[in-house]
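I opened my notebook to go through this structure piece by piece. Here is what I looked up, in the order I got to it.

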Amino acid sequence: MKATASNPWEASAEAQRVWASILSQSATGELIGMMNFASLVDLYEDAEDKIDALEHALIEKGHARAFQRLGLEMGVPVTVNLNAPYWKRIRSAFVKSAGRGDFTACLVIQELMLESFAVSMYGAVARVAPGRLGKAYKAIAAEETEHLEHAIKLLQEMFDRDPSGLQRTIAGVHEDVMSVLAEMVAREDIRGDCELCGKTCIKPSLPEVSLDIVRLRGEALNLYLKSLDRVGLPGEETLQWITRLPV
Amino acid sequence: MDNAAPRLSSPAPAVDRRRPAKAQFALIGHLDSWEKTAAVVQSLRGAGRHPISARDVREIVPFLPPRTVCRVTVFSRDGSSAHGVYVDAFLSPDRLDEGSTREKIRRIREAASYARREGASVAALGGFSSIVLEGKVDLLPNHDEVAFTTGNTLTVAYIVKAVERAAAIAGRLLRSQRILILGATGDVGSGCARYLLSKVGSLLLCARNPHRLRRLQRSLASGATAVSISTDAERFLPEADFVIAAASLSSPRFSLRSVRSHAIVCDAGYPRNVLSDGNPGPVVFFGGMGQVLGGLQLDPDLTSVLAPHPAPNIVQGCLLEGMLLALEGRFESYSRGRGNISPGRVDEIWALAEKHGFALAPFFNDEGFCEGQIAALRRETVT
């Protein structure tokens, strides 16, 4: 039995397992975002910007808490695992860039790459999730959209100043981070257990909640490419980047 | 680059603007098979990576937003050159005539916006990108800033010049030949009909819409040449000396089983119109294409996958029209609407093509060059 708009708690056992995994990925991703924004505080020079970064971190924490609460309401377990392999690799890439003091790379990882995926996927979940769950995803997607827009504006300015330099920076972190995200959304598990799904991968069961990993991946890559277009990067370059991602 | 965190409100002084050169023209197109699409993806992916599966290509490519695939430089015979981009709309090759027309138009509009972003002053619409619009380039965004052309006038020029040349090689007087045009009411088909009307023995026109067929027949009636119409291709195929296949099809549909063995078939469809059943039959060549004698450069070099032809620098006429207009500095919607291609316009674009060395492509098909097969028809006639 599929979840209905009026009563999400009537979902089948498999659908509940899917919701649990979606909420676990979302909560863990938000907490990774929280830590990333917190790391940005040190990289900003201006006090106002430091405050903004901290506020963004708090917003991400709020999102994670919201996902955990929704899980409780639905009676599904929400796992937060900051050492889950994929998320750990993304955090490591961010920490590496932060360690170099590379603000641009950090901005690109958190606010362009992760937020592109978050906006796209939360939007997709919002379209199919019942009741409060759907509303929560829709509201959080809107807030993440603001982060993405903020990043695009900053990166447009950077591109105007130094197009080839910004292109090099994004190319570098694309290799590190987008490869991991591509593995996460591949049709089948490339690296094995994500350590957030439970015993078996939930991707084949996404249709239980009217989702589909192929469409989720496609729409996320589409938004990422359009974001890069808006920054100003040449389409033939970014197309090559996408074709080289793991599948 | 400077990695220090900028002020959120920092001004953006111009320091370094090493961006790709602004395009003068854009070629908006799509690939006509998944095999070709996979080849392009694999080529962009690079030799070091494991081949991407056909399934992954089919699952990922339809989500790609239209974008530049490669930069193009075209060289004229007079020594000048023009820079442009090939923008792919990423229409799914197997869904060209099904699925949402709105979705296809949305993608073509996005591709048109992309052409504007690249700075193109003129953009040619290849294959289905002009078909779904039926030549109504005014529907495209930024049409007041970018001159969109369907490119059909040059396509017609290459088709009719190829028919004239093939007739000469085969030792036939065009004036005695029966010419069948499949897809006759389309922009390309009707342009060929108008051009050939006074030059051939008779015209056999075939299309799906009987009203449009009758209207076209009436418009051609003033000439001395007999013009017959039918919605059934099989009725005319056994009678034709030449067949011009210019229908808007998403995949090959016309069988040549009933065509006489001495006939010459010009398949000008993109995607192709004519079924290849492996049986011996009439000579088929791929028409509507030209060869840039001055040369073409693609960056990245996707020539072998985008234009896998037996001779270099062969391109569809519709795309060549965009390059030609850029070389001429004529940033205008040269071909627009449907049914507007006159013999005078064909002669004019052909003169420009000759000026810049955009020659008629050699006769070829999937098997390779086929001019020898056309010449053999002369020998058969003589013996």
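Helices (H or I, at least four residues) and strands (E, at least two) are DSSP runs, numbered from the N terminus.

A note on what I am reading: this is a predicted model, where local features need pLDDT of at least 70, side-chain atom pairs count only at pLDDT 80 or more, and totals for chains, interfaces and linings use all residues. Residues are numbered from 1 along each chain as its sequence is written, while chains are lettered from A and ligands numbered from 1 in the order in which they are written.

I checked the length of H1(B), residues 34–45.

Which residues of H1(B) are buried? I found Thr37(B), Ala38(B), Val40(B), Val41(B) and Leu44(B). Buried stands for 20 or more other C-beta atoms within 10 Å of the residue's own, exposed for 12 or fewer, and partly exposed for in between, with C-beta atoms placed from the backbone. Seen down the helix axis, these buried residues fall within an arc of 160°, so they line one face of H1(B); the arc is that of the directions from the helix axis to the C-beta atoms. They pack against helix H2 (54–60) and helix H9 (303–306) of chain B, and also against helix H8 (235–243) of chain A. Contact here is two C-beta atoms, placed from the backbone, within 7 Å.

**The six-stranded sheet**

Next I traced an open sheet in chain B with mixed pairing, in the order E5-E4-E1-E3-E2-E13. Two strands pair if DSSP finds at least two bridges between them. Strand E5 (147–149) and strand E13 (296–299) of chain B are the edges, each pairing on one side only. On average, neighbouring strands are turned by 25° against each other, direction ignored. For such angles, axes are lines fitted to C-alpha atoms, for helices over the stretch in contact, and values run from 0 to 180 degrees between N-to-C directions.

I then followed Ile28(B). Its bridge partner in E3(B) is Val87(B), and in E4(B) it is Leu125(B). E1(B) and E3(B) pair in the parallel sense over five bridges, and four bridges join E1(B) to E4(B), also parallel.

How is E4(B) covered on its faces? Val122(B) and Ala124(B) on one side and Ala123(B) and Leu125(B) on the other are all buried. Ala123(B) stands opposite Phe148(B) in E5(B). Helix H10 (residues 317–328) of chain B lies across E1, E2, E3, E4 and E5 of chain B, at about 165° to E4(B).

**Thr185**

Thr185(B) sits in the loop between strand E6 (178–182) and helix H6 (187–196) of chain B. Is Thr185(B) buried or exposed? It is buried, because 25 other C-beta atoms lie within 10 Å. Beyond neighbours within four places in sequence, its contacts include Ser190(B), Asn209(B) and Leu213(B).

**Whole chain**

Last, I zoomed out: chain B has twelve helices and 17 strands. Buried residues make up 49% of its 383 residues.
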